[in-house]
Amino acid sequence: MFPFAVNAASSSQNLGPDVVKPAPKVSIASHDAFFNRLKAHCGKAYQGKVTVDNQDNGGFSGKKLVMHVRKCIDTELQIPFHVGEDASRTWIITKTGSGLSLKHDHRMKNGEYDVSTMYGGHTIDAGWQHVQSFPADQYSKELFVKQGIPQSIGNTWQIYIYPEKYTYRLVREGREFRVDFDLTNPITPPAAPWGYKD
């Protein structure tokens, strides 16, 4: 009744099982090297300090600052950033197939999404094995305008990873914020950040 279907079925049996592979996520050497330098710290936590803040509002003053390379897979790194008792922030670095993405997952204490979450940016060039820059993406720009902080549309986030230091830096016109973490002295990892579980 369906000769074409029967013929197709018998033909496929003669050829053996189909081989199906997902499309690969391509990456370049400098992005891979940067990603792997971070991934090498998986499971470890480090304490840091604010080294530059030209608009200090006191939000980080006197608080213990801890980064934790908490979860690592081949295409994504999750790095919570704890500020004292505030566990609302997780940096997510992802291989996208077109470079690297940095997103800021912000949660409330009950685990729900903050109104300001998943902002960040994407690499636009090769960067270097030790340094990558993430200019604000379109989602972030629209979020910032909606929230009444249009000055943030010029944000570029930078991450540096050297043998002895990890740096998170935010820059835009008239604004610079930088936190440096000491990679020579691992500390006890903190509990899972808000919205996640161990």
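Is Cys 72 buried or exposed, and what is its relative accessible area? Cys 72 is buried, at a relative accessible area of 19%, where buried means under 20%, exposed means over 50% and partly exposed covers what lies in between, using a 1.4 Å probe and protein chains only. The model behind this value is a predicted one, in which local features need pLDDT of at least 70 and side-chain atom pairs count only at pLDDT 80 or more, while totals for chains, interfaces and linings use all residues. Residues are numbered from 1 along each chain as its sequence is written, and side-chain values use heavy atoms, with hydrogens and water left out.

A search of the whole structure turns up one disulfide. Cys 42 and Cys 72 form a disulfide with their sulfur atoms 2.1 Å apart. The link of Cys 42 and Cys 72 is right-handed, with 115 degrees about the S-S bond. This pair links distant parts of the chain, 30 residues apart: Cys 42 sits in the loop between H2 and E1, and Cys 72 in strand E3 (residues 71–72). The labels follow DSSP runs numbered from the N terminus, with helices (H or I) of at least four residues and strands (E) of at least two.

Next come the strands. Two strands are taken to pair if DSSP finds at least two bridges between them. Strand E1 (residues 45–53) pairs with strand E2 (residues 65–68) in the antiparallel sense, over four bridges. Within this pairing, Ala 45 stands opposite His 68, and Tyr 46 stands opposite Met 67. E1 is also joined to strand E11 (residues 175–182) by five bridges, again running antiparallel. There, Val 52 has Arg 178 of E11 as its bridge partner.

E2 has a further partner in E4, with which it pairs in the antiparallel sense over three bridges. Met 67 turns up here too, standing opposite Phe 81 in E4. As a rule, side chains in a regular strand alternate between the two faces of the sheet. In E2, Leu 65 and Met 67 point one way and Val 66 and His 68 the other way, and all are buried.

Pro 80 is worth a look of its own. Pro 80 belongs to strand E4 (residues 76–83) and counts as buried, at 1% relative accessibility. Leaving out residues up to four places away in sequence, Pro 80 touches Val 66, Met 67, His 68, Arg 70, Arg 89, Thr 90 and Pro 193, with contact meaning heavy atoms within 4.5 Å. Pro 80 and Ala 192 are 112 residues apart in sequence, yet 8.0 Å apart in space, C-alpha to C-alpha.

On the charged side, the whole structure holds nine salt bridges, each being a side-chain nitrogen of Lys or Arg within 4 Å of a carboxyl oxygen of Asp or Glu. One of them joins the side chains of Asp 32 and Lys 95, at 2.8 Å from N to O. Asp 32 lies in helix H2 (residues 29–39) and Lys 95 in strand E5 (residues 86–95), so the pair ties together parts that are 63 residues apart in sequence. Asp 32 is partly exposed at 23% relative accessibility, whereas Lys 95 is buried at 15% relative accessible area.

Another salt bridge runs between Asp 137 and Lys 103, with the closest N and O atoms 2.8 Å apart. Because Asp 137 lies in the loop between strand E8 (131–135) and helix H3 (138–146) and Lys 103 in strand E6 (residues 100–106), this pair ties together parts that are 34 residues apart in sequence. Lys 103 is buried, with a relative accessible area of 16%. Arg 107 and Asp 105 form a salt bridge as well, the closest N and O atoms being 2.8 Å apart, and both of these residues are buried.

Methods. Disulfide = S-S within 2.5 Å.
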